Amino acid sequence: MNSGMPENYLEAAVEIALEAGKILREEFDRPAHITYKGDVDLVTQADKRSEQAIVARLLKYFPEHSVAAEEGSGQEKASEYRWHVDPLDGTTNFAHGYPCFCVSIALAHKETLLAGVIYNPIYNELYAAARGQGASLNGKKISVSKIETLSTSLLCTGFPVHKRLANPNIHYYWDFTLRSHGVRRDGSAALDLAFVATGRFDGFWEFGLQKWDTAAGKLLVEEAGGKVSDFAGQPYSLGGPVILATNGLIHEEMRRIALEISKRDPSAPLRR
């Protein structure tokens with residue numbers, strides 16, 4: 001494998017995501033083996049098996065690269081290339097038998113995302129993107145929706161499993177629900193972003209996400225013609241306090257309303 005070519009990075013990510021997806025599918029049919037990180041943050045055997053398989057294959061193909069993985073089995077290297085791995089995004093859903101979860105793998109060179117893959121093994125949906133080459137779903141090109149107004153949009157968001165009282169999102173959820181066709185909360189930020197990329201949702205926002213939650217999805221949205229920023233309109237940096245991803249057409253309307261809400265809510269990040 002010629003690791004100098006971005007398209008080969010994508011090929012590797014696709015292969016590894018499919019392998020990890022098989023593990024998740026196997027584990028989904030078994031009784032869940034659950035442990036906890038803190039009081040309510042779940043970890044399953046599926047998380048661990050999936051991550052072990054992903055990290056092992058990445059380090060085999062790209063031994064000089066850094067790998068940042070949610071469950072901590074990644075490796076830090078003196079490299080400008082970093083893989084962001086979420087072996088099971090939607091762990092709570094998985095543990096409860098709700099079939100909304102995925103594998104998310106992305107590669108960045110410094111701060112530039114090069115390739116990203118999100119795979120839902122239950123519905124066999126593989127989302128893939130490489131910088132400058134567009135985005136696809138099961139090999140077919142995808143693009144964001146053409147909805148032009150918030151009032152006719154379907155949105156999505158998410159809430160944390162811990163420190164919920166400190167999270168300001170309920171204010172935004174309420175307001176955006178009243179101003180749109182509705183807001184869905186499916187419990188997988190990576191899939192939410194993939195759904196924006198393919199036009200199922202018109203906009204997504206969330207607070208406090210980790211880099212592995214958003215890396216692949218951010219690239220998918222951008223390569224599908226959408227826009228990703230923070231509420232101030234600045235480019236979204238992985239791991240930043242808030243992400244806003246839309247089809248681009250409703251972006252400024254959502255951003256303006258988010259700013260209005262933040263001024264009413266002193267706990268919102270923009271007021272700090």
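This is a predicted model: local features need pLDDT of at least 70, side-chain atom pairs count only at pLDDT 80 or more; totals for chains, interfaces and linings use all residues.
Colleague: Okay, which classes line the second largest pocket?
Modeller: Its lining has two nonpolar, two polar and five charged residues. The residues are S79, E80, R82, H84, A108, K110, E111, K211 and L238. A pocket, on a 1 Å grid over the protein atoms alone, is an open set of points where a 1.4 Å probe fits, with protein on both sides within 12 Å along at least five of seven lines; lining residues have an atom within 4 Å of a point.
Colleague: And K110, where does that sit?
Modeller: K110 is in the turn of the hairpin formed by β5 and β6, which have two residues between them, and K110 has a positive phi of about 55°. Strands (E, at least two residues) and helices (H or I, at least four) are DSSP runs numbered from the N terminus.
Colleague: How many bridges join β5 to β6?
Modeller: Seven, and the two strands run antiparallel; A106 stands opposite G116 in β6. Strands pair if DSSP finds at least two bridges between them. On β5's pairing with β4, there are seven bridges, again antiparallel, and D89 has C102 in β5 as its bridge partner.
Colleague: What's the strand order in the whole sheet?
Modeller: It goes β3-β4-β5-β6-β7-β8-β9, an open sheet of seven strands with mixed pairing. β3 (66-69) and β9 (140-142) each have a single partner strand, so one side of each is left without a neighbour in the sheet.
Colleague: Switching topic: is β5 mostly covered or exposed?
Modeller: Mostly covered, with seven of its eight residues buried. Buried means under 20% relative accessible area (1.4 Å probe, protein chains only).
Colleague: How many residues of helix α5 are buried?
Modeller: Nine of the nine, residues 189-197, so α5 is largely enclosed by the rest of the structure. Among them are L191, D192 and F195. Just after α5, G199 takes a positive phi of about 90°.
Colleague: And what percentage of the protein is buried?
Modeller: Buried residues make up 53% of the 272 residues.

Conventions
Residues are numbered from 1 along each chain as its sequence is written. Side-chain values use heavy atoms; hydrogens and water are left out. Buried means under 20% relative accessible area, exposed over 50%, partly exposed in between (1.4 Å probe, protein chains only). Ala, Val, Leu, Ile, Met, Phe, Trp, Tyr, Cys and Pro count as nonpolar, Asp, Glu, Lys and Arg as charged, and the others, Gly among them, as polar.
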